[in-house]
Amino acid sequence: MRELNRRALLNAGAAGLALSMAPGALAQRKPGAKPPNILFILADDMGYADVSCYGRREYRTPAIDRLAAEGMRLTQAYANSSVCSATRVALATGRYQYRLPVGLEEPLRGGKLGLDPSVPTMASLLRGLGYSTTLIGKWHLGALPEFGPLKSGYDHFWGFRGGALDYFDHMGPTGKPDLWDDDREVTAPGYLTTLLGQRADQVIRAEHARGKPFFISLHFNAPHWPWEGPEDAAESARLRAKPGGGDPLPSFDAGSLETYARMVTAMDDEIGRLLATLDAIGAAEDTIVVFTSDNGGERYSDTWPFTGKKTELLEGGLRIPAILRWPAAVHPGVCDQVAISMDWLPTLLAAAGARSIDAPAPDGIDLLPWLTRAREPEPRTLFWRYHNMAQRACRSGDLKYLRILDNEFLFDVVADPLERANLKERRPEDFARLAAAFRDWDATMLPIDPDAYTDGFRGDELPDHFGIRQSVTLPAAGD
């Protein structure tokens, strides 16, 4: 791996407009050709190996496996954060979430914050290119009346605004209903995963009939808690009836590997439904389908060969499955280029024909040159921070700097994906270089808000986290 100095590290981690919109093989699209449709499927809390094409052994995911077989499967994809709403800020804006106050929440939990409607988003920019835009499923970027999907570029919305929803009664953590058709509360009996798939199917058919390119964000709740498969209506009622008040949905006395399997395979069934619809209406060839997750896995997730979970900057909290299928332009294969959630905005805009972005320069990059094999994988530098446990991380090339509380590490995450061999004393210059690069980058972001919500697992919740007491420790000034 080539050596990079601190300035090069920082520049590589904050790519400007020219790099992010670098033309790939798609620059040769014929003038006047119709832009591709885009179906962006986002799972919630799905770990790297939670689908069989990434290694899950306990069950099969044939629809997602089909996407991988017919598209490009990324092996080094990262989430922008190890919790959901922070990653969704980066996904929507193409920039590090730490540039906006809402992105400092880990995750967003009520209050008056949200995604500022004046901020350009993937949806608003694609709408400016002539796309119809629809969000189906989870929003989690702020509440009415100030914030919402219709204020941030979506023409239509059918789903829920909060961070989680019961799969059967469609109540949020506070016990209030949270299902919406645009800005109108609705009721719809049925299992949530199935309802979201059915609605996406209807929108695909309707938009195809209109003849206008569509951008559909399908943000499933699955496999996020509550741990309820399609036959678990009784479990839904049990959770809602639990004594003691508080939020019953993330209950630590619920779930199993079998339940988790049924949740994931129910989502896979709906993805299969949509792939069959694209085939039936003749739209599969020139429809981009992306499948990925908002962060690493939670309790019943498989993160092998990584350690760590959601809320942690270990690889298991950040590494995610990511697949892009586009038969008209991308040949099937495996892509080893390092990627991150905020890359999807410049990538999909480039695929839609944009040659510039009327917005702040993305921090993400256009992945099409690598997805189309026009370029070989290249070293890249990415940064993360997480308030709980004072976590910081910087990956540069194969090396990763990691800090948790006062403990600091240097790992080669390619040779040692489990993050076991701490190289900070064997490679002191590399350790100092990456630690300094993190500090330089961090100085360009909004400072940590000590009043922002943050979350993590405690030892009384998960026994493999023994000794942890939900500690939030701010680093010393200048760290």
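Reader: How many salt bridges does the structure hold?
Author: This is a predicted model: local features need pLDDT of at least 70, side-chain atom pairs count only at pLDDT 80 or more, and totals for chains, interfaces and linings use all residues. Numbering starts from 1 along each chain as its sequence is written, and side-chain values use heavy atoms, leaving out hydrogens and water. A salt bridge puts a side-chain nitrogen of Lys or Arg within 4 Å of a carboxyl oxygen of Asp or Glu. The structure's count is 37.

Reader: Asp-169 and Arg-240 form a salt bridge; how far apart in sequence are the parts that the pair ties together?
Author: The closest N and O atoms of Asp-169 and Arg-240 are 3.3 Å apart. Asp-169 lies in the loop between strand 5 and strand 6 (180-181), and Arg-240 in helix 7 (residues 233-240). Helices (H or I, at least four residues) and strands (E, at least two) are DSSP runs, numbered from the N terminus. So the pair ties together parts whose separation in sequence is 71 residues.

Reader: Is Lys-309 buried or partly exposed?
Author: Buried means under 20% relative accessible area, exposed over 50%, and partly exposed in between (1.4 Å probe, protein chains only). Lys-309 forms a salt bridge with Asp-464, at 3.0 Å between the closest N and O atoms. Asp-464, at 48%, is partly exposed. At 17% relative accessibility, Lys-309 counts as buried.

Reader: Which strands are the edge strands of the open sheet?
Author: Ten strands form this sheet, with mixed pairing. Two strands pair if DSSP finds at least two bridges between them. In the order 7-6-5-4-8-1-9-10-2-11, the strands that pair on one side only are strand 7 (184-185) and strand 11 (333-335).

Reader: What angle does helix 8 make with the direction of strand 9?
Author: Helix 8 packs on the sheet, touching strand 1, strand 8, strand 9 and strand 10. Axes are lines fitted to C-alpha atoms, for helices over the stretch in contact, and angles run from 0 to 180 degrees between N-to-C directions. The value here is about 170°.

Reader: How many residues of helix 4 are buried?
Author: Helix 4 (residues 84-93) is mostly covered. Its cover includes strand 1, helix 5 (122-128), strand 4 (132-138), strand 8 and helix 10 (344-351). Among the buried residues are Cys-84, Arg-88 and Thr-93.

Definitions and conventions
Contact = heavy atoms within 4.5 Å.
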